[in-house]
Amino acid sequence: MQKFLLFFSLLIFLLPLHSFAQPGPPIYFKGAIKEKKEALQKNLLNTINKDLSLPLNADTEEYWIDAFSAMEVLRYSSPWADGKINSAFDSIEIRSTYFHRALLELVYANYQDRFLKQVTSLMNNTADAKIFAICAEYLLLNKISQLPATTLQKKKDKLIKNEKDEAIIKQLLYRLKNVGKPTNYISLKEVLNSNFLKQYRTLYSFQRKNRNYPGIAVVRDSTGKFVKDETGNIFSVPQLARSISALPGYLTNGNTPQGIFRMYGFDTSKSTFIGPTTNIQLTMPFETSLQHFFNDSTISDTVWTEDWYKKLLPGSLKNCPAIFESFYAGMAGRTEIIAHGTTVNPEYYKGQIYYPQTPTMGCLCTKEIWDEVDGRRSESDQQKLVVAILKAGGPNGYCVVIEIDDEQKPVTLQEVLPWLNNNQQ
């Protein structure tokens, strides 16, 4: 989840059940006040300028990494900063793996076609599975697939040292083998069938393949009925599943992976970038025990396998690779992906397709607006989503993230409504 997440408090902020329109008690976030926002942006810019001015060595890597993070958040670029990023590759062979990851994430996010030669060289020389995968994904981003595929076949055995490496390389191999082939989307008919996750409250997040376009979230109760709003229509709110880096979901800080997540409660955050609105807690396979994920204390097995995950899937989905993304993301070591609101200044992303939504480090994020005068929350899709989940019976069940197609536009309720209505019959 967000690099900037400090900790979760134990307080659960319960919201009124009877109306989506009712605002509930006022919520304030001081960081939303205009002066505070300007101070934060200034601090991020100072971090970039100050930390990139330091000579790069083993003792200053952490400072440079902080600057990389700030550049990602702000989508910052300048001739001087660009030159510093270029110089970071000059000594890449003696830099730490942690530095490699941070630099590559920034390059993938902000410099999508600027460092092909340097990234290719690093890919050819690294023995780290995650570094190799990010390098390969950078080349795929630039329509180069043969080079990483050939190199991976030669280095596969050296790259896989543990279970996490195995998950990363398996996902990368699948992506390389399917370049140019039609996408195998998850069947809406199957995941919306009343027998799928029967008797569990379910948060569905429908997304595009291109995560620059916001998706929508809907909520189903344990009887199979979708929660409706005060007008009698099926409730939905826009929800962004794009990370700042936009890396694939199996990689740390990548987009929210498709698949099944355990939904197990509410929490609140003191993060500068998440804010105080109630968030929805989620976990992936491997991140939690089988007993917790399946909500079954009688399970004695402690080892996660595909066969366990398949127990949640109907027959036709057991062989659908897309719905296994959350499984392999968890196996690869991803953690702390939740569904939350935002206190990030949307103006950082003005001009982007998803504006005024704000990207995260891989969570599901809903739009919120905060008053610049007193910091009061004036609009919150996140609160509406929490109320819908409470109306469904509470946050104990599952969340399913699904890419429905690759149309270049935001997902609308009208698109999925026929599938939702069929489910109600």
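This is a predicted model: local features need pLDDT of at least 70, side-chain atom pairs count only at pLDDT 80 or more; totals for chains, interfaces and linings use all residues.

Visitor: Let us start with helices. At what angle do the axes of helix H2 and helix H4 cross?

Guide: Look at the axes and their directions. H2 spans residues 61-74 and H4 spans residues 97-110. Their axes come within 10 Å and cross at roughly 20 degrees. Angles under 35 degrees count as roughly parallel, so H2 is roughly parallel to H4.

Visitor: Which hand does the crossing of H2 and H4 have, left or right?

Guide: H2 passes H4 in a left-handed crossing.

Visitor: Which residues make that contact?

Guide: From H2 come Glu61, Glu62, Trp64, Ile65, Phe68, Met71 and Glu72. H4 contributes Tyr98, Phe99, Ala102, Leu103, Glu105, Leu106, Ala109 and Asn110. Sorted by class, the contact of H2 with H4 holds ten nonpolar, one polar and four charged residues.

Visitor: Now a second pair. How do helix H7 and helix H8 pack?

Guide: H7 covers residues 146-159, and H8 covers residues 163-177. The axes lie 11 Å apart, at an angle of about 160 degrees. Angles over 145 degrees count as roughly antiparallel, so H7 is roughly antiparallel to H8. The crossing of H7 and H8 is left-handed.

Visitor: What residues form the contact between H7 and H8?

Guide: On H7 they are Pro148, Ala149, Leu152, Gln153, Lys156 and Leu159. On H8 they are Asp165, Ile169, Leu172, Leu173 and Leu176. The contact of H7 with H8 divides into eight nonpolar, one polar and two charged residues.

Visitor: On to strands. How should I think about their side chains?

Guide: In a regular strand, side chains alternate between the two faces of the sheet. Check each face in turn. Take strand E3, residues 215-220. Gly215, Ala217 and Val219 point one way from E3, while Ile216, Val218 and Arg220 point the other way. All of these are buried. Six of the six residues of E3 are buried, so E3 is largely enclosed by the rest of the structure.

Visitor: Which strands pair with E3?

Guide: Strand E2, residues 201-208, is joined to E3 by five bridges, and the two run antiparallel. A hairpin through six residues joins E2 to E3.

Visitor: What about strand E6: is it mostly covered or mostly open?

Guide: Strand E6, residues 279-283, is mostly covered, with five of its five residues buried. One side carries Asn279, Gln281 and Thr283, and the other carries Ile280 and Leu282. Both faces of E6 are covered.

Visitor: How many bridges join strand E5 to E6?

Guide: Five bridges join them. E5 spans residues 259-269, and E5 and E6 run antiparallel. Met263 stands opposite Leu282 in E6.

Visitor: Which peptide bond is cis?

Guide: The bond from Tyr355 to Pro356 is cis, with omega near 10 degrees. Pro356 is in the loop between E7 and strand E8 (364-365).

Visitor: One last residue. Where is Glu336?

Guide: Glu336 is in the loop between helix H12 (325-331) and strand E7 (339-340). Its relative accessible area is 40%, so Glu336 is partly exposed. Glu336 and Pro79 are 257 residues apart along the chain, and their C-alpha atoms are separated by 35 Å.

Note on methods
Residues are numbered from 1 along each chain as its sequence is written. Side-chain values use heavy atoms; hydrogens and water are left out. Axes are lines fitted to C-alpha atoms, for helices over the stretch in contact, and angles run from 0 to 180 degrees between N-to-C directions. Helices (H or I, at least four residues) and strands (E, at least two) are DSSP runs, numbered from the N terminus. Angles under 35 degrees count as roughly parallel, over 145 as roughly antiparallel, 65 to 115 as roughly perpendicular and the rest as oblique. A crossing is left-handed if the near helix is turned anticlockwise from the far one by less than a right angle, and right-handed if clockwise. Contact means heavy atoms within 4.5 Å. Ala, Val, Leu, Ile, Met, Phe, Trp, Tyr, Cys and Pro count as nonpolar, Asp, Glu, Lys and Arg as charged, and the others, Gly among them, as polar. Buried means under 20% relative accessible area, exposed over 50%, partly exposed in between (1.4 Å probe, protein chains only). Two strands pair if DSSP finds at least two bridges between them.
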